[in-house]
Amino acid sequence: MDEAMNPLTLLTFGLYGETLPNQDGAPIRLIVPWKYGFKSAKCIVKVRFLAKQPPTTWNDMAPEEYGFYSNVNPSVDHPRWSQKTERRLGSGFFPQIKQTLPFNGYADQVASLYTGMDLRKNF
C-alpha cells in the first residue's frame, strides 16, 4: 500500500491521448517508476487486500532470480547478469553506459518506504 500511495505511482488508463490498448495493459496499468519494468502490474482487473505476501508467478518459478519487491537495489545481481550498469536507449550506435542508481534514481522520494528492510535479501 505504501508503494501504491506514493505520489510517483500512476494508475494508467490511457496512452498518448487514447484509451490504453490491451497489449499495453488495459483496462488499467500500474506504473511504479523506481522499479524496473519486469515486475510492474501489466493489467489490473481486480484488487484484493491480503494479510500475507501473495505468491506470484515470478516468485514461484524463479525465486532466486526475482525478489518480491522488484529490483530496487542494483548492487544485487540477477543470477545471469549484472544490474550495476544500464545502457540508455536512443544514445546512438555506441550507447551510453551509466551506473544504475538505487531505486532507479528516485531514492530521495522513495527510499523511506524500505526503511528497516534488508535490501540484499528483499531486493
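## Around Leu119

Setting aside residues up to four places away in sequence, Leu119 touches Val72, Asn73, Val76, Phe103 and Tyr114, where contact means heavy atoms within 4.5 Å. Leu119 also belongs to the largest nonpolar core, a group of seven residues that it makes up with Val32, Trp34, Val72, Phe103, Val110 and Tyr114. A nonpolar core here is a set of buried Ala, Val, Leu, Ile, Met, Phe, Trp, Tyr and Cys residues joined through side-chain atoms within 4.5 Å. Buried stands for under 20% relative accessible area, exposed for over 50%, and partly exposed for anything in between (1.4 Å probe, protein chains only). As a general point, nonpolar side chains in soluble globular proteins tend to be buried together.

## What kind of model this is

This is a predicted model, so local features need pLDDT of at least 70 and side-chain atom pairs count only at pLDDT 80 or more, while totals for chains, interfaces and linings use all residues. Residues are numbered from 1 along each chain as its sequence is written, and side-chain values use heavy atoms, with hydrogens and water left out.

The pLDDT score is the predictor's confidence in each residue, from 0 to 100. Its mean over the protein is 85, and 91% of the residues reach 70 or more. Where pLDDT is low, the predicted coordinates should not be read in detail.

## Overall layout

You're looking at three helices and six strands, in the order α-β-β-β-β-α-β-β-α along the sequence. Both kinds of element are DSSP runs numbered from the N terminus: helices are H or I with at least four residues, strands are E with at least two. The C-alpha atoms fill a box of roughly 40 × 35 × 30 Å along the principal axes. Of the contacts between residues at least 6 apart in sequence, 43% join residues at least 24 apart.

Buried residues account for 26% of the 123 in the protein. The accessible surface is about 9000 Å², and carbon and sulfur atoms own 58% of that. Areas come from the Shrake-Rupley method with a 1.4 Å probe, and for residues only the protein chains shown count as cover. Phe94 is in the loop between strand 5 (85-87) and strand 6 (97-99) and is exposed, at 70% relative accessible area.

## Salt bridges

A search of the whole structure turns up two salt bridges, each defined as a side-chain nitrogen of Lys or Arg within 4 Å of a carboxyl oxygen of Asp or Glu. One joins Lys35 and Glu3 at 3.0 Å, N to O. Lys35 lies in the loop between strand 4 (29-31) and helix 2 (57-61) and Glu3 in helix 1, so this pair ties together parts that are 32 residues apart in sequence. Lys35 is buried at 13% relative accessible area, whereas Glu3 is partly exposed at 22%.

The side chains of Asp77 and Lys84 form a salt bridge too, at 3.3 Å, N to O. Asp77 is partly exposed at 37%, and Lys84 is partly exposed at 38%.

Met1, Met5, Val47 and Phe49 make a nonpolar surface patch of about 530 Å². Patches take residues with over 30% relative accessible area and no salt bridge; like charges are joined within 9 Å, and nonpolar side chains (Val, Leu, Ile, Met, Phe, Trp, Tyr) within 5 Å. Met1 sits in the segment before helix 1 (2-5) and is exposed, with a relative accessible area of 59%.

Most residues other than glycine have a negative phi, and most peptide bonds are trans. The bond from Ala26 to Pro27 is cis, with omega near 5 degrees. Pro27 is in the loop between strand 3 (18-19) and strand 4, and is one of the contacts of Thr12, along with Leu20, Ile28, Arg29 and Ile31, when neighbours within four places in sequence are left aside. Thr12 itself is in strand 1 (residues 10-12) and is buried at 17%.

Tyr16 has a positive phi, near 55 degrees. Tyr16 lies in the loop between strand 2 (14-15) and strand 3 and is exposed at 79%. Asn104, also not a glycine, has a positive phi of about 55 degrees; Asn104 is in the loop between strand 6 and helix 3 and counts as partly exposed at 28%.
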